[in-house]
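Here's a walk through a protein fold, element by element. Have the structure open while you read.

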Amino acid sequence: MSGLLQPGSYLSVLGYTTPTRPLEAAVGRLRRALMSKYRVATTFGYGPRYLHSTGQLHKGGPNTGVFLELVDHMAPDLPIPGRPFSFGTLANAQASGDLESLRTHHRQAIRVQLGRNPVAVVNAIAAVVTGTAAPSRRTGSKKLRRKARR
């Protein structure tokens with residue numbers, strides 16, 4: 001992310017995740033790490049609800065944002081009555097649409113699939129940012145560093 005975050009830019013964490021206090025705490029640690037290392041402002045919002053407020057700024061405002069989309073499997077994933085898909089499928093489609101729209105508007109956007117342990121993944125990203133991550137198979141730190149460079 002170091003090449004993307006410059007003075008005057010900001011990082012917006014877009015959470016297409018199941019809201020939990022542990023996840024919010026992990027995102028808070030990640031935001032503090034990013035603010036400290038890169039000296040940029042950060043924001044955080046849950047999708048799709050942020051689309052009706054800051055989402056318009058992301059695509060129509062100045063091109064100074066960098067976007068980190070965090071996507072999980074949405075548990076519990078409940079069916080939508082009368083529809084052949086679930087709320088998780090709908091949220092994933094909205095996340096994909098938002099990512100495509102950001103890129104169409106020439107915004108720098110990165111998606112991270114959080115997997116089975118979203119808190120551990122967000123904590124691992126924060127550890128990479130702070131330089132405290134020890135590469136191991138268990139945390140996937142090398143994989144996260146490769147993703148962050150893209």
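## Ground rules and overall layout

Before we get to the sheet: two strands count as a pair if DSSP finds at least two bridges between them. Also keep in mind that this is a predicted model.

The protein chain has five helices and four strands. Read from the N terminus, its elements go β-α-β-α-β-α-β-α-α. Of the 150 residues in the protein chain, 42% are buried. Take the contacts with a separation of 6 or more: 71% of them come from residues 24 or more positions apart.

## Strand 1 and its two partners

Let's start with strand 1, residues 10-16. How many of its residues are buried? Seven of seven. In a regular strand, side chains alternate between the two faces of the sheet. Here, Y10, S12, L14 and Y16 sit on one side of strand 1, with L11, V13 and G15 on the other, and both faces are covered.

Strand 1 has strand 2 (residues 41-46) as a parallel partner, joined by six bridges, and G15 has Y46 in strand 2 as its bridge partner. To get from strand 1 to strand 2, the chain passes through helix 1 (residues 21-38), and this β-α-β crossover is right-handed. Strand 1 also pairs with strand 3 (residues 65-71), again in the parallel sense, over seven bridges. If you want a spot to look at, find Y10, which stands opposite G65 in strand 3.

## Strand 3 to strand 4

Strand 3 pairs with strand 4 as well, in the parallel sense and over six bridges. The bridge partner of E69 in strand 4 is R111. Between strand 3 and strand 4 the chain goes through helix 3, and that β-α-β crossover is right-handed.

## Helix 3, one face in and one face out

Helix 3 covers residues 87-104, which is 18 residues, and its first and last C-alpha atoms are 25 Å apart, close to the 26 Å expected at 1.5 Å a residue. Which of its residues are buried? They are G88, A91, A95, D98, L99 and L102. Looking down the axis of helix 3, these buried residues fall within an arc of 100°, so they line one face of the helix.

Over on the other side of helix 3, E100 and T104 are exposed. Just past the end of helix 3, H106 takes a positive phi of about 60°.

## Helix 4

At 1.5 Å a residue, the 13 residues of helix 4 should span 18 Å, and its end C-alpha atoms are 19 Å apart, which agrees. The buried residues of helix 4 include P118, V121, V122 and I125. Just after helix 4, G131 has a positive phi of about 80°.

Nonpolar side chains tend to be buried together in soluble globular proteins. In this model the largest nonpolar core has 22 residues, and L5, L30, L34, L70, V112 and V122 touch the most other members. Strand 1, helix 1, strand 3, strand 4 (108-113) and helix 4 (118-130) each give two or more residues to this core. Helix 1 has the largest share, with seven residues.

V112 is a handy one to click on: leaving out residues up to four places away in sequence, V112 touches L68, E69, L70, V71, V121 and I125.

## Two loop residues

T17 is in the loop between strand 1 and helix 1. Is T17 buried or exposed? The cut-off for buried is under 20% relative accessible area, and T17 has 4% relative accessibility, so T17 counts as buried. Not counting residues up to four places away in sequence, T17 touches L23, Y46, L70, D72, M74 and L114.

G115 is in the loop between strand 4 and helix 4. With a relative accessible area of 37%, G115 is partly exposed. How far apart are G115 and V71, C-alpha to C-alpha? They are 8.3 Å apart in space and 44 residues apart in sequence.

How values were computed:
Residues numbered from 1 in each chain as written. Predicted model: local features only at pLDDT ≥ 70, side-chain atom pairs only at ≥ 80, totals over all residues. Heavy atoms only, no water. Buried < 20%, exposed > 50% of the residue type's maximum accessible area, 1.4 Å probe, protein only. Right-handed = clockwise from strand over helix to strand, strands pointing away. Expected span 1.5 Å × (residues − 1). Arc of directions from axis to C-beta. Contact = heavy atoms within 4.5 Å. Core = buried A, V, L, I, M, F, W, Y, C linked by side-chain atoms within 4.5 Å.
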